[in-house]
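Biologist: I have a model open and want to learn how to read it. Where do we begin?

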Amino acid sequence: MAILPTARIPERVDDGEQYRPKLGLEMEMVVVDAATGASLPVQSYFDSLMAIKRARGQVCEPVFIDQRCVGAHTPLAECGLDNGFNLLETAMAPVAGGKGGLDRLAAVAYQELADTQQALKADGACVLNASQHPACPRDQRWYESVCVPRTIYNELRGYRGWHHWEGIDAKAQNGANTSVPVEHAVQALNVAVALAPASIALFANSPLESGVPAGYKENRMTLWARVFGPARFPGDLFLSTYPKRAFHDMADFFNWMFGGGTVTRGLPMNASYDYKAAPVVILDEAPSLMVFLQSPQWPGRRTDTGQTVLLQPHAHHVEYSQIGQFLDARLRYRLDRLPALEEIMQAWRQDGGLESLFAAHGAQTYIEARAPGAVFADAALIEEAGTDVAYSVLLSPSALQAGLLANLDEAWRLVIDRGWQTLGSLRLPAMRAGMEDAHVRALCTDVLAVAKAGLDKTEEHWLAYPDFVLASGRSAADRQLDTWMAGRGAEAQKLVALQARHVALHPAEFGAMPNQKHV
């Protein structure tokens with residue numbers, strides 16, 4: 001494999017125009033009954049949330065599936081659900097990065113969190129500081145009662161054979177999204193995937209499953225093997241497995257994601273960015289996306305009508321299929337102007353060709369982090385670490401990734417020095433032991449140092465939480481497990497005790513309400 005050149009993310013791109021980085025955040029939240037701590041599907045939440053936002057003068061539009069509200073869109077965020085009505089998901093619109101970018105993102109994020117917490121009162125619910133509910137069923141009855149009725153799940157469960165119910169116990173992440181220039185996108189992806197064990201350990205918050213200790217600090221990350229292991233196509237498990245080597249360029253990455261041994265997901269008839277609800281065509285004979293793209297047309301059936309159709313490959317199928325892998329980070333992209341499919345296929349065969357083509361068509365590329373578990377400020381953290389650390393929690397995964405990708409040369413050097421396979425071997429120890437594993441802890445030390453060097457000095461305070469975890473050796477998972485093991489009585493009593501110390505605090509309770517001038 002050719003070694004990628006080292007590169008700090010430039011202030012200017014090749015055409016002389018200033019590169020303007022952006023930051024986003026996908027905040028997932030475990031919903032629980034405010035009295036019992038039991039997992040709770042929302043019912044009145046979206047009506048309440050929209051009323052709160054409209055009273056503040058925000059434009060707010062509901063989203064429906066089968067006449068049931070499943071989301072609310074505003075200019076600042078898409079507030080919705082992940083896979084179940086017991087797991088909220090708020091995806092914030094990107095803000096300008098660079099100096100002050102994390103402050104701008106924090107202003108939006110803390111306002112969104114405050115709105116969510118207020119709106120949940122309509123359901124007698126609140127957010128639990130956890131990246132997975134500690135005692136939630138995953139049986140068929142529960143799954144059917146809380147699963148969001150999206151079209152895509154019929155394909156994933158029925159056609160592909162995924163055990164989708166394994167994730168219905170509100171497995172939540174804190175998804176940092178950081179833009180990168182297209183010419184450095186694959187190197188940024190390599191860095192994010194290889195250094196993910198540090199994020200897994202620093203933001204671990206799921207030591208319990210089904211009411212018992214799971215044997216992991218971040219049990220959430222065991223999900224993919226359970227979902228894809230029994231699946232119909234081995235390629236689905238392959239696309240969640242740490243690659244044998246780093247990717248050379250975008251073509252190499254696409255060969256891995258769309259090439260031999262993989263099976264394309266359902267594809268839309270027309271251009272769409274609706275990855276979960278748009279009707280799609282499932283292709284006959286289970287081709288890879290690469291094979292389909294090289295054909296004049298392919299037979300398949302529509303998931304909405306069952307009608308047999310002939311689907312012609314199009315450039316938008318390349319853009320639509322980008323979410324088809326489940327590594328600890330994703331490379332996301334959107335083009336301002338779609339090239340012809342023939343141009344994509346030709347560029348695919350050239351070293352660096354896709355980067356050049358995407359850049360020429362106004363591609364916006366960013367890294368979506370999937371390794372950091374959802375962590376929020378709670379009473380136990382404030383008692384142990386204080387309000388300054390608590391204030392940094394929500395934005396710290398974003399700060400860590402932004403710092404690493406702004407210091408991409410040093411981050412890549414860390415990957416080279418440690419070794420790709422050695423870093424991959426740290427993923428399981430990070431999930432199981434976190435800071436208790438000496439090698440994982442040493443990696444966290446190095447990763448934090450590189451990330452700090454990539455941030456402006458005024459933004460280093462956003463890394464106060466991972467700094468605390470590294471210094472103390474204790475993540476949110478340790479505090480959650482302490483409370484659970486100290487609780488007396490049956491599971492229900494333990495949940496009440498957990499609720500008392502680990503409900504996510506309203507931002508006003510630790511001085512984190514946003515400064516509206518940044519919004």
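Modeller: With two helices. Helix H20 (residues 438-454) packs on helix H21 (residues 464-472) at an angle of about 150°, their axes 11 Å apart. Helices (H or I, at least four residues) and strands (E, at least two) are DSSP runs, numbered from the N terminus. Axes are lines fitted to C-alpha atoms, for helices over the stretch in contact, and angles run from 0 to 180 degrees between N-to-C directions.

Biologist: What does the angle make H20 relative to H21?

Modeller: Angles under 35 degrees count as roughly parallel, over 145 as roughly antiparallel, 65 to 115 as roughly perpendicular and the rest as oblique. So H20 is roughly antiparallel to H21.

Biologist: Which residues of H20 and H21 make the contact?

Modeller: Contact means heavy atoms within 4.5 Å. H20 supplies Arg441, Cys444, Thr445, Leu448 and Lys452. H21 supplies Pro466, Asp467, Leu470, Ala471 and Ser472. Five of these residues are nonpolar, two polar and three charged. Here Ala, Val, Leu, Ile, Met, Phe, Trp, Tyr, Cys and Pro count as nonpolar, Asp, Glu, Lys and Arg as charged, and the others, Gly among them, as polar.

Biologist: And how do H16 and H20 pack?

Modeller: Helix H16 (residues 396-406) meets H20 at about 75°, with axes 7 Å apart. That makes H16 roughly perpendicular to H20. Leu400, Gly403, Leu404 and Ala406 of H16 touch Val447, Leu448, Val450, Ala451 and Gly454 of H20. This contact has seven nonpolar residues, two polar and no charged.

Biologist: Now strands. How many bridges join S2 to S3?

Modeller: Two strands pair if DSSP finds at least two bridges between them. Strand S2 (residues 61-65) and strand S3 (residues 68-73) run antiparallel, joined by five bridges. Proline 62 stands opposite alanine 72 in S3. Two residues lie between the strands of this hairpin, where aspartate 66 takes a positive phi near 50°.

Biologist: In what order do the strands of the open sheet lie?

Modeller: Four strands run S10-S11-S12-S13, with antiparallel pairing. The edges are S10 (267-268) and S13 (308-311), each pairing on one side only.

Biologist: How far can I trust all this?

Modeller: The model is predicted: local features need pLDDT of at least 70, side-chain atom pairs count only at pLDDT 80 or more, and totals for chains, interfaces and linings use all residues. Residues are numbered from 1 along each chain as its sequence is written, and side-chain values use heavy atoms, leaving out hydrogens and water. pLDDT is the predictor's confidence in each residue, from 0 to 100. The chain averages 94, and 95% of the residues score at least 70. Over residues 1-16 pLDDT stays under 50. Where pLDDT is low, the predicted coordinates should not be read in detail.
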